[in-house]
Amino acid sequence: NRELLHRAILDNRPPSSGWGSVGATKTNVRIGVVHLAESIRLLTNASLHDIYRGIDTVFLSVFLLGLFAYLRQWVPALYALVGLMFVGAVLPLTYLMHYFQPWDRLQLCLWLLVLQTIKAHKPVLLAGALCVGMLVKFDMLLVPLLHLASHASRQSVKRVTVETALLSLLAVCLYFGLDGAFANTGDPARFNPETAFLRASSNLGTINDRGLSHPALLLHGLPLLLALVRFRTRERFLAVGVLFACSMSIIWYLFTVYAEVRTQAMLLILLLPPALMTLREELSPHEGTAGDMTATAERNP
C-alpha cells in the first residue's frame, strides 16, 4: 500500500523485515518529496493519491518544457520537438515495475537544473541544486565529477578543483548525514562487490531473456548510438556528458534492477543534445547548428 509506505518513510519506521522486503531499499533517505506531499496534505486535506498524482503531473510538465528550452541551445525548434516526441514515446517505460517512486519527475527537473548550472559554470547555483537533489534522491552524488570534467583546464584547474572538492564534500556530507539520520540496520549493504556480482548476473539474465525489447535498450539505445557519432568533436560539456551517461549506466547495471529504467531517465538529458545534433547533420549536412557556434567559440576563445 502506497499510503503505508508514505507513512513508513515519513516516520522512518521500516517493516519488521526491513525496507528491502517491500522493494524499498534506501528509500527511507529520499525524504524530500514525501515531506512535500505530507505538507500539502496538511494544508489542503487532499488525499495522498491525488497529491502524488498532482506532483507527478506538475513536475513532468515542467520537465518537458524545460527540456525543450535546454535542447534549443544546440538545435532548432523542430529538432528539439523531435527530442520531446522521443521522450514522450519512451516515458511509459519508466512506469514498468513502478511501486512507490514519487521522486522521479521532480528529480528529472533537478537534473535538468544541475546540468544547466554545470554548462553555465555556476558552482554556487550548482551547490544549491545539489542540496535539494540529494534530499530528493541521492543519485546526484557523482555530479561534482561531471563539473570537474566539464571545466578543468590548464588555466582553471586549481579553481575548478577547489570547486569540485567543496561540491564533493557537500554531496558526501549530505549522503552520510541522511544515511546516519535515517539509518536502518535491517537491510544488507547495497554497495559492495558481492551485491554487484549478483545484480550484474541477474541483469545479464534479463537482457538475454528480453533481447532487443529490453527497456534500457529501448530507452537510451538509439540516443546513445547517435550521441557517439562524432562525439569527440562536440563541445566539451556534451562530450563529457556522453561519457558520464555511460559511467552512470554501468553503475546502475551493477547495483540496480537494470530493467527499471525509471532510474535512468536522466540519461536522456545527457544524450539527446548530441544525438539530435547528429540527426540534423545527417539529414541536413549543409546547415550549421547552434552547437557548432558554441564549439567554435570554445576552441577559439
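This is a predicted model: local features need pLDDT of at least 70, side-chain atom pairs count only at pLDDT 80 or more; totals for chains, interfaces and linings use all residues.
View 1. The protein contains 13 helices and zero strands. Along the sequence, its pattern reads α-α-α-α-α-α-α-α-α-α-α-α-α. Of the 301 residues in the protein, 46% are buried.

**View 2. Packing of helix α6 against helix α8.** Helix α6 spans residues 123–136, and helix α8 covers residues 157–181. The axes of α6 and α8 lie 10 Å apart and form an angle of about 15°. Angles under 35 degrees count as roughly parallel, and α6 and α8 are therefore described as roughly parallel to each other. The crossing in which α6 passes α8 is right-handed.

View 3. Phe176 counts as exposed because its relative accessibility is 54%, and the cut-off for exposed is over 50%.

**View 4. Packing of helix α10 against helix α12.** Helix α10 is formed by residues 215–228, and helix α12 by residues 267–283. Their axes are 7 Å apart, and the packing angle is about 45°. This angle makes α10 oblique to α12. The crossing of α10 past α12 is left-handed.

Terms used. Residues are numbered from 1 along each chain as its sequence is written. Side-chain values use heavy atoms; hydrogens and water are left out. Helices (H or I, at least four residues) and strands (E, at least two) are DSSP runs, numbered from the N terminus. Buried means under 20% relative accessible area, exposed over 50%, partly exposed in between (1.4 Å probe, protein chains only). Axes are lines fitted to C-alpha atoms, for helices over the stretch in contact, and angles run from 0 to 180 degrees between N-to-C directions. Angles under 35 degrees count as roughly parallel, over 145 as roughly antiparallel, 65 to 115 as roughly perpendicular and the rest as oblique. A crossing is left-handed if the near helix is turned anticlockwise from the far one by less than a right angle, and right-handed if clockwise.
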